[in-house]
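Good morning, colleagues. I shall speak about strand pairing and then about a pocket; please look at the model first.

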Amino acid sequence: MAHYDSVEVPLSKIKVGVAKVLKQEGYINDYHILDKGVQGVLKIDLKYGPKNEKIITGIRRISKPGLRQYSKTGRIPKVMSGLGVAILTTSRGIMTDRDARSMNIGGELLCEVW
């Protein structure tokens, strides 16, 4: 929203997996793992359009620590009728809703990006 070039967040395996999916889907330019401090830092280079418009117009967290949201293969939601992407964690790693449907596996819904 503030048109930053990059964002730094504390490092975790799930955040790296989500950043990898966002890069594959074209929502971010790149991500880097920095060894700052004890935990480390994940630096995400954000992406903007030719007229400086946002590529990520919306993001919504689905599963929360107090209420986890799991979905079977047939019930994985389509975000904005397929224009967006749902990111979920499965037994085979973090992936998009389309990949999970094609592999016929379900998992925990982490967030939706459009």
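I begin at the hairpin of β2 and β3: six residues lie between its strands, and G37 there adopts a positive phi near 75 degrees. This is a predicted model, in which local features need pLDDT of at least 70 and side-chain atom pairs count only at pLDDT 80 or more, while totals for chains, interfaces and linings use all residues. Residues are numbered from 1 along each chain as its sequence is written, and side-chain values use heavy atoms, with hydrogens and water left out.

Strands (E, at least two residues) and helices (H or I, at least four) are DSSP runs, numbered from the N terminus; two strands pair if DSSP finds at least two bridges between them. Strand β2, residues 28-34, pairs with β3 in the antiparallel sense over six bridges, and H32 stands opposite K43 in β3. Strand β3, residues 41-46, is also joined by five bridges to β1, residues 6-10, again antiparallel. There, P10 has V41 of β3 as its bridge partner.

I turn to the largest pocket, with a volume of about 850 Å³. A pocket here is an open set of points on a 1 Å grid over the protein atoms alone, where a 1.4 Å probe fits, with protein on both sides within 12 Å along at least five of seven lines; lining residues have an atom within 4 Å of a point. The volume is the space filled by probe spheres set on the points, which are joined across faces, edges and corners. Of the 32 lining residues, V18, L22, I44, I56 and I59 are the closest to the centre. Helix α1 gives the largest share of the lining, five residues.
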